[in-house]
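Here's a quick briefing for anyone opening this one for the first time. Take a look at the sequence and the fold, then read on.

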Amino acid sequence: MTKKREVFLSEPVLTDAEVTALKDVIESGWITMGDRVYEFEEKFAEQHNADDGIAVSSCTAGLHLVLKSLGISSGDEVLVPSLTFVASANAICHTGALPVFVDIESINRPLVSVSAAEEKRTARTKAIVVMHYGGWLCEMEAWRAYADKHGLLLIEDAAHVPGDARVGKLSDAGVFSFYGNKNMTTAEGGLILAKDPELRARIRRLRSHGMTSLTLDRRAGHAYSYDVTHLGFNYRMDELRAAVGLVQLKRLSEWNSKRNTLLGCYQDLLADRDGSLELPFSEDRDTTAHLCPVLLPQDAAREMIMKELREQGVHSSIHYPPTHKFSYYQETQGDQRLQNTEKYADRELSLPIHPAMSKSDVEYVVHSLMKCL
Ligand SMILES: *Cc1c(COP(=O)(O)O)cnc(C)c1O
């Protein structure tokens, strides 16, 4: 019997190099934040033309840390897309501020919209969190100009775009994710790029309990005591994750180009069809290709299609159920309408895309999808 083909939505590439790197950490006797974390920060920053980076335990932790370090607190409002992972809105809530949900530009460009943001801005608005959906960068010049005009802080949820050196250049801070399904992984993990050295110092301090010295320094005999100057967190990365990150980082640009090639295959194959499917960002390949989103016909039974795809071994997903529709946000904010977000989320289907896929996998996915339709 031949094994049924199975195409996962995403899949981390993990090799002997990661195993060796992990073994080295274990044999070193030092597993919590230390030299490997600093090396990972340095190398990641270097690859993104940044002065420095701050590794954290997750992108969610990083977003919370950035918002806290920028002084966002209760009474403030923060503009945020609804069409994103819930982490951004949750992180805003944890500062005591109110996340205010902003619609996307259109179903063909599902990026948070400047004009929709303006409709939601009030005197209490302090910041905007933009998200580079699927790997396509938001128009950062326009967002910077908008933020400057109204004195707002600008934060990037860069979970989908590791490898894009534009992150952190026009914003106050950008936060990446290295969760297992992202373009590179440390299992759990994240990293913050921020231009302002003073902000970076505050973020570093808050990352580790608001303490003035680190365990490693004390172990090395550099410090015998410490003070706590701020109310901080434990959002550190550890040596094991950093060691994996250092290995993964070396292959990030190769993987991002592979993703682009696969996305191109999808675009070519799907463009040939009768127009029953729509492709957001069609033709636009300036992306880290984290996702391959398609829009199903308006009346398509998406759950049935996903189930039938799964029976053919093809995994799919939805990015995203709108945040403002979740029970918690309905209960805390009431019913809201975000027309484009809802229209898009109702029809969106994410197809498998990851560097271990082949062109023939893409053909198989497209063929399977066409059968379902
Ligand atoms: C994955 C993801 C996050 C959360 O990242 P973690 O590292 O798991 O905390 C946040 N935002 C977006 C857009 C994501 O895709």
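In which loop does histidine 48 lie? Histidine 48 lies in the loop between H2 and E1, where helices (H or I, at least four residues) and strands (E, at least two) are DSSP runs, numbered from the N terminus. Before going further: this is a predicted model, so to speak of local features takes pLDDT of at least 70, side-chain atom pairs count only at pLDDT 80 or more, and totals for chains, interfaces and linings use all residues. Residues are numbered from 1 along each chain as its sequence is written, and side-chain values use heavy atoms, with hydrogens and water left out.

- Histidine 48 is buried, with a relative accessible area of 0%; buried means under 20% relative accessible area, exposed means over 50%, and partly exposed is in between (1.4 Å probe, protein chains only).
- Leaving aside residues up to four places away in sequence, histidine 48 touches Pro162, Gly163, Asp164, Ala165, Lys169, Phe176 and Leu193, where contact means heavy atoms within 4.5 Å.
- Asparagine 49 has its place in the loop between helix H2 (35–47) and strand E1 (53–56), and at 61% relative accessibility it counts as exposed.

**Around the ligand**

- The ligand is surrounded by 15 residues, and the closest are Thr60, Asp157, His160, Ser177 and Lys182; being near here means that a heavy atom of the residue lies within 4 Å.
- Threonine 60 has a polar side-chain atom 2.5 Å from an oxygen atom of the ligand.
- For histidine 160, an N or O atom in the side chain is 2.8 Å from an oxygen atom of the ligand.
- Cysteine 59 takes part through its backbone: an N or O atom there lies 2.9 Å from an oxygen atom of the ligand.
- A polar contact is a pair of N or O atoms within 3.5 Å; within protein, one must be able to donate a hydrogen and the other to accept it, and residues adjacent in sequence count only if both atoms are side-chain atoms.
- On its own the ligand has 380 Å² of accessible area, and the protein covers 93% of that; such areas come from the Shrake-Rupley method with a 1.4 Å probe, and for residues only the protein chains shown count as cover.

- Serine 58 is found in the loop between E1 and H3, and at 17% relative accessibility it counts as buried.
- The side chain of serine 58 reaches the backbone nitrogen of alanine 61 at 2.9 Å.
- Serine 58 also touches Gly189 and Gly190, not counting residues up to four places away in sequence.
- Histidine 64 lies in helix H3 (residues 59–69) and counts as buried at 9% relative accessibility.
- Beyond residues up to four places away in sequence, histidine 64 touches Ala91, His94, Thr95, Phe233 and Tyr235.
- The C-alpha atoms of histidine 64 and alanine 89 are separated by 9.8 Å, with the two residues 25 residues apart along the chain.

**Aromatic rings**

- There are 11 aromatic pairs in the structure; rings of Phe, Tyr and Trp (its six-membered ring) pair if their centres lie within 6.5 Å, and planes under 30 degrees apart count as stacked, over 60 as edge-to-face and the rest as tilted.
- Phenylalanine 101 and tyrosine 329 have ring centres 5.4 Å apart and planes at 90°, so this pair is edge-to-face.
- That pair links distant parts of the chain, 228 residues apart: phenylalanine 101 is in strand E3 (residues 98–102) and tyrosine 329 in helix H11 (residues 327–333).
- Phenylalanine 101 is buried at a relative accessible area of 0%, and tyrosine 329 counts as buried at 2%.
- The rings of tyrosine 133 and tyrosine 320 have centres 6.3 Å apart and planes at 80°, so they are edge-to-face too.
- Both tyrosine 133 and tyrosine 320 are buried.
- Phe40, Phe44, Phe176 and Phe178 are linked into a cluster by ring pairs.
- Arginine 5 lies over the face of tyrosine 364, 4.6 Å from the ring centre; a charge sits over a ring if NZ of Lys or CZ of Arg is within 6 Å of the ring centre and within 35 degrees of the ring normal.

- Most residues other than glycine have a negative phi, and most peptide bonds are trans.
- Asparagine 49, which is not a glycine, has a positive phi near 50°.
- Alanine 289 has a positive phi of about 50° as well, and at 0% relative accessibility it counts as buried.
- Histidine 319 and tyrosine 320 are joined by a cis peptide bond, with omega about 5°.
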